[in-house]
Amino acid sequence: MNGLQLYFRLIQISLLSSMQYRANFIVGLLGLIVWNVVNLGLIGILITQFTSLKDWTLWELVFLYCLWILGNSLYSLFFSHTGQMEDYLIEGTFDQFLLRPASPLIQVLGREFQYLEIADALFALTGLSLAYTRLGLRWDGWHWGFFVLAIVSGTLIVLALNLLVACTAFWTGRSRGAAMVVNQFHGLVQWYPIDIFGRAFRLVVTGLLPVAFMNYYPALVLLGKLDHASPGWWLPYLSPAVALLLVGIVSRVWRLALIQYTSSGS
Amino acid sequence: MKVFWAFARQSFQTGLIYRFDFWLRVSTVLLLMYSIRWVWIALYAQRPGAFGVSLEQMVTYGVLSTAIVNLFYSFGVQYYISGQVRSGAIDLDLLKPLDFHIHMLARSAGEMLFRLFVIILPAMLCGYLFFGLQPPVTSQAGFLFAVTLLIGYLISFYLGFLLGTLSLVTLEVHSIDWAFDALTRFFSGQFVPLWLFPGLLGTLATLLPFGSLLATPLSIYTGVLSGDAILTAIGLQLFWLAALSLASRWLWRRIQARIISQGG
């Protein structure tokens with residue numbers, strides 16, 4: 001059995017086990033929809049008092065939000081289990097991944113399939129297509145290609161960042177706090193165009209924790225908000241490169257983490 | 001009472017173990033204070049008079065909200081109950097010669113106090129120093145802010161308890177909590193003050209219990225509510241506190257009989 005086959009087999013098993021909780025499935029779907037409607041509702045209320053947020057109109061903000069949600073939902077659908085790393089390490093259950101004759105990374109990733117996230121993805125697609133018509137966008141083939149690339153990059157960026165955070169648990173014992181901080185950055189970037197925050201924030205979400213490449217920069221390109229005269233106009237095109245770079249970094253860190261892993265021995 | 005403090009102290013001390021975690025939590029709060037301030041500045045730059053209050057008041061509202069919201073996300077009684085049901089350890093809790101509500105409240109209070117002293121108060125201090133948080137409009141408003149915040153905390157505890165009780169039926173709490181969290185964020189006025197809500201939505205928001213958590217204390221602190229309006233708001237808070245505590249006791253008694261303990 002190769003890695004990919006094994007991954008899908010694990011996903012299949014976890015899907016079967018989560019189907020046991022039927023009531024939870026229904027409530028979960030409703031929960032996700034409420035969550036998204038509420039988020040957009042909050043921005044909506046603010047914008048009705050104004051016409052825009054620093055020259056981003058309501059539908060442009062919907063586009064920004066939904067682009068983030070789409071990338072993130074693909075991540076959550078397949079890989080959301082990275083957040084549990086801390087528990088495996090503290091309880092010592094990580095050992096079981098090392099004992100089995102298969103890649104530990106694939107075992108961790110295949111641990112759970114969050115089928116509920118399909119609701120998120122559908123919500124985001126609906127939002128994006130509404131925004132597309134409302135804003136009267138006319139994309140050519142090149143734009144569509146970049147759109148698909150941006151979503152894939154978004155998924156990879158969030159996966160790589162979350163894995164990196166999860167790996168910190170190998171050294172510090174805990175990673176949930178760090179995950180929380182990263183999530184706050186995600187939350188801010190997801191809701192607001194980053195140019196309303198100060199310069200320091202902009203630098204952080206571009207260079208240090210490049211979450212802005214998930215939605216803000218691709219949105220600049222896709223909504224035609226780019227000013228080709230300004231210096232650094234090429235930055236928004238870099239999403240795919242940033243994603244690849246992060247994946248490269250995380251695979252190195254993961255290998256280091258495994259080498260220096262010592263079981264908590266419980 | 002002694003038992004109450006024993007449990008409260010225990011959860012306070014658990015909080016102290018992970019120091020790295022603490023620094024991360026504090027920096028999260030500071031980051032949010034920083035950003036919420038910028039959001040309001042950006043919005044005010046466009047239409048200064050749109051909110052009926054001054055920019056200083058609005059920034060105070062947002063920054064303070066960011067700090068005190070940590071009071072409500074502290075212990076998560078719903079997660080405790082559903083976790084105990086999953087692991088089967090809930091039998092041990094039920095065997096304890098102590099009322100389950102009191103037991104839960106003690107654990108929750110311990111963590112709440114931990115958050116108050118270790119995260120919220122330092123964050124508020126930073127708010128005053130760096131993020132434009134202003135002192136309460138009058139000392140009376142400051143006092144009433146503390147009182148209404150305490151009532152708000154109790155209301156959030158009972159809401160959490162009700163959710164936890166529901167998890168005995170669904171056997172999973174995460175997704176209900178997801179929706180509940182979203183509703184709380186929306187209707188408590190955490191980000192967008194309730195007075196900005198249009199028409200019917202605004203009326204609904206003032207009547208629901210969520211407004212008691214944040215909107216009421218914050219509106220008193222910033223001086224948006226004054227005089228008789230404060231009394232009405234506190235009356236509504238007390239109504240919800242009584243209703244929710246009775247409801248959670250009633251539901252708990254009914255549902256206790258059908259507890260399914262997994263594993264164990």
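View 1. The model is predicted, with local features needing pLDDT of at least 70 and side-chain atom pairs pLDDT 80 or more, while totals for chains, interfaces and linings use all residues. Residues are numbered from 1 along each chain as its sequence is written, chains are lettered from A and ligands numbered from 1 in the order written, and side-chain values use heavy atoms, without hydrogens and water. Helix H2 (residues 19–46) of chain B gives the largest share of its lining, three residues. The lining divides into eight nonpolar, no polar and no charged residues. On a 1 Å grid over the protein atoms alone, a cavity is a set of points where a 1.4 Å probe fits but cannot get out, a pocket is an open set with protein on both sides within 12 Å along at least five of seven lines, and lining residues have an atom within 4 Å of a point. A volume is the space filled by probe spheres set on the points, which are joined across faces, edges and corners. Ala, Val, Leu, Ile, Met, Phe, Trp, Tyr, Cys and Pro count as nonpolar, Asp, Glu, Lys and Arg as charged, and the others, Gly among them, as polar.

**View 2. The second largest pocket.** About 400 Å³ of space lies in this pocket. It is lined by 19 residues, of which A:Arg202, A:Tyr216, A:Tyr217, A:Leu220 and A:Gly232 are the closest to its centre. The lining consists of ten nonpolar, three polar and six charged residues.

**View 3. Aromatic pair A:Phe170 and A:Trp254.** The two rings are edge-to-face, 5.9 Å centre to centre with 85 degrees between the planes. A:Phe170 lies in helix H8 (residues 141–172) of chain A and A:Trp254 in helix H12 (residues 239–259) of chain A, so the pair ties together parts 84 residues apart in sequence. Both A:Phe170 and A:Trp254 are buried (under 20% relative accessible area; exposed is over 50%, partly exposed in between; 1.4 Å probe, protein chains only). Rings of Phe, Tyr and Trp (its six-membered ring) pair if their centres lie within 6.5 Å; planes under 30 degrees apart are stacked, over 60 edge-to-face and the rest tilted. Helices (H or I, at least four residues) and strands (E, at least two) are DSSP runs, numbered from the N terminus.
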